[in-house]
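Thank you for asking me to look over this model before our discussion.

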Amino acid sequence: GETPPASCPSLNPPTLSGFTSWGCQARAPHSPLGRGQMEAAAVANGKAEVGGAANGMSGASRGAEPQGTGPEEDQRENLEAPNQPADAWVAPDGAFAKQILQPGAGLDKPTLGALCQVFLEAPPGAPLGYPANRWAQLELGDGDGAWDGLVDACLETMGPGERAELRGPDGAVLGLHLASFAPAPEPWQLDPAEKWALALRHKERGSERYRAGEVGAAARRYARALQLAIAAGPAPPDPEHARLRADLHANLAACQVRLTQPAHAARNCTKALALWPQHAKARYRRGLARAAMNDLEGAAEDFWGVLVAEPGNAAARRELDRVGQRVRERDARLAQAMSKLFS
């Protein structure tokens, strides 16, 4: 029974509690960028604002970009609410939900590595690595913030010109306007050396994030590096590449242990050991994952294997003692239950 306002600033930070009640269109900020102004060479990490020109923009995006204005002008304007309510859309895996405020053009959608011209509207303090509340060019998959993976997943469902509201963690709402994008090169367009170089870049960034305590961001980096390393070949990998892939599996497993994903961690450790049987860290982390899943005998086997290879490994000795104590307590409980059963 409420009457929608004449203009609807759909993302007013003090009232970010859900999607707009009337399907109001997100405020469309003026862009300081003209049509086709995407210069990938000038933006090494895909996060800076863009100037210059490029010819690789998605053809479907033409006409979707906002007109340029001077930097002294306000970047925002209020649009009237459309007559039709916004369309709700939920990801097939349930990872996120969005409301489409303005549909995009065409069928093309960005994939990992695409250079996207985006306005991302976010509440103050949102854990984003991508630039927010201004027009910017970003490389899809290059963000390390806690919410950047959610933004990536949403952008992969958007067409050029689309405006949407993305429901984030804890009910927060992010506004996304994808003006246009330059598609990422297909894997077959990169030679093996380029793929390995990209894999190493993501591995290094993942290690930086892990040391900084940003485990989720590190996991995304390691997963991306693994995709590139596997695509780079050769199959089967030579010793140097096998060791690198084993390290990536083991590093991803370390993140998954900390993210309480022990089954995934155990599988990645097993893959690492298949590539490099001497990988002590992979064996140790598989022991941690197995212990978390109450596979105590399997965990003890892994910790003992580490101690055989590295007798002075204090962490493996400590975890083996803990597993041994848990086995004794379990067996005692079982014996007590059996005695009651036959008493």
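1. A crossing of two helices is called left-handed if the near helix is turned anticlockwise from the far one by less than a right angle, and right-handed if it is turned clockwise. In this model, which is predicted, the crossing of H2 and H3 is left-handed.

2. Two packed helices are described by the angle between their axes and by the distance between those axes. Here the axes of H2, residues 192–211, and H3, residues 215–232, come within 8 Å and cross at roughly 165°. Since angles over 145 degrees count as roughly antiparallel, H2 and H3 are therefore roughly antiparallel to each other.

3. On the H2 side, the residues that meet H3 include Trp 196, Leu 198, His 202, Arg 205 and Tyr 210, while on the H3 side the residues that meet H2 include Ala 218, Arg 221, Tyr 222, Leu 228 and Ala 232. By class, this contact of H2 with H3 has 13 nonpolar, three polar and six charged residues.

4. As for the chain as a whole, there are eight helices and six strands, and from the N terminus on the elements run β-β-β-β-α-β-β-α-α-α-α-α-α-α.

5. Of the 343 residues in the chain, 46% are buried, and the chain exposes about 17200 Å², of which carbon and sulfur atoms supply 53%. Among the contacts in the chain with a separation of 6 or more, 62% are accounted for by residues 24 or more positions apart.

Definitions and conventions: Residues numbered from 1 in each chain as written. Predicted model: local features only at pLDDT ≥ 70, side-chain atom pairs only at ≥ 80, totals over all residues. Heavy atoms only, no water. Axes fitted to C-alpha atoms, helices over the stretch in contact; angles between N-to-C directions. Helix = DSSP H or I, 4+ residues; strand = E, 2+ residues; numbered from the N terminus. Parallel < 35°, antiparallel > 145°, perpendicular 65-115°, else oblique. Contact = heavy atoms within 4.5 Å. Nonpolar A, V, L, I, M, F, W, Y, C, P; charged D, E, K, R; others polar. Buried < 20%, exposed > 50% of the residue type's maximum accessible area, 1.4 Å probe, protein only. Areas by Shrake-Rupley, 256 points an atom, 1.4 Å probe, with all protein chains shown as cover.
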